[in-house]
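Colleague: Could you take me through this model one question at a time, and say with each term which cut-offs lie behind the word?

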Amino acid sequence: MMTTSLRILTLGGESFPNLDSELYPCLENVRVYNIYGITEVSCWASINLVTDRDDSSLGIPLSDTIFEVRNQDGKVINEGVGELFIGAYS
């Protein structure tokens, strides 16, 4: 079995990888974070501590960041299909 001195692994910028691989045992004592942001401006908007190998959620917005799902008319929705709006408090 492989071991590592790595304690924190932060991944962002691409689709979150499947951690259910042969490498997972060496990540047993490593805190894995998924960070998400708007690719076009290379700005991180949220962070998620991955506690489940299948967890690929966006996590919680970073300070002063807004996550909203909006419909085609730009109105905030709580159900249904829409687009993720990422903004900031002024």
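Colleague: Which backbone oxygen does the side chain of Ser46 reach?

Modeller: This is a predicted model, in which local features need pLDDT of at least 70 and side-chain atom pairs count only at pLDDT 80 or more, while totals for chains, interfaces and linings use all residues. Residues are numbered from 1 along each chain as its sequence is written, and side-chain values use heavy atoms, with hydrogens and water left out. A polar contact is a pair of N or O atoms within 3.5 Å, where within protein one must be able to donate a hydrogen and the other to accept it, and residues adjacent in sequence count only if both atoms are side-chain atoms. At 2.6 Å, the side chain of Ser46 reaches the backbone oxygen of Leu58.

Colleague: Is Ser46 buried or exposed, and which strand holds it?

Modeller: Buried means under 20% relative accessible area, exposed over 50% and partly exposed in between, with a 1.4 Å probe and protein chains only. Ser46 has 1% relative accessibility and therefore counts as buried. Strands (E, at least two residues) and helices (H or I, at least four) are DSSP runs numbered from the N terminus, and the run in which Ser46 is found is strand 3.

Colleague: Which residues is Ser46 in contact with, leaving aside its neighbours within four places in sequence?

Modeller: Contact means heavy atoms within 4.5 Å. With those neighbours left aside, the partners of Ser46 include Asn34, Ile35 and Tyr36. The list also holds Leu58, Gly59, Ile60, Pro61, Leu62 and Phe67.

Colleague: In what order do the four strands of the open sheet lie, and which are the edge strands?

Modeller: Two strands pair if DSSP finds at least two bridges between them. The four strands form an open sheet with mixed pairing, in the order 1-2-3-4. Each edge strand pairs on one side only, and these are strand 1 and strand 4 (60-61).

Colleague: Do strand 1 and strand 2 pair in the parallel or antiparallel sense, and over how many bridges?

Modeller: Within this pair, Leu9 stands opposite Val32, and Thr10 stands opposite Tyr33. Strand 1 (residues 8-12) and strand 2 (residues 31-38) pair in the parallel sense, and the number of bridges is five.

Colleague: How many bridges join strand 2 to strand 3?

Modeller: Val32, which stands opposite Leu9 on one side, also stands opposite Val50 in strand 3. Strand 2 and strand 3 (residues 43-50) run antiparallel, and the number of bridges joining them is seven.

Colleague: Which side chain meets Arg70 in a salt bridge?

Modeller: A salt bridge is a side-chain nitrogen of Lys or Arg within 4 Å of a carboxyl oxygen of Asp or Glu, and a search of the whole structure finds one. The N to O distance is 2.7 Å, and the partner is Glu68.

Colleague: Over the face of which residue does Arg70 lie?

Modeller: A charge sits over a ring if NZ of Lys or CZ of Arg is within 6 Å of the ring centre and within 35 degrees of the ring normal. Arg70 lies at 3.6 Å from the ring centre, over the face of Phe85.

Colleague: Where is Ala88 placed, and what is its relative accessible area?

Modeller: Ala88 belongs to strand 6 (residues 83-88), and it touches Asp64, Thr65 and Ile66, not counting residues up to four places away in sequence. The C-alpha atoms of Ala88 and Ile66 are separated by 5.4 Å, although the two residues are 22 residues apart along the chain. Ala88 is exposed, since its relative accessible area is 58%.

Colleague: How far apart in space are Glu28 and Thr3, C-alpha to C-alpha?

Modeller: Glu28 lies in the loop between strand 1 and strand 2, and its 59% relative accessibility is why it counts as exposed. Glu28 and Thr3 are 25 residues apart in sequence, and their C-alpha to C-alpha distance is 9.0 Å.

Colleague: What share of the residues of the protein counts as buried?

Modeller: The protein has zero helices and six strands, which follow the pattern β-β-β-β-β-β along the sequence. Of its 90 residues, the share that counts as buried is 21%.
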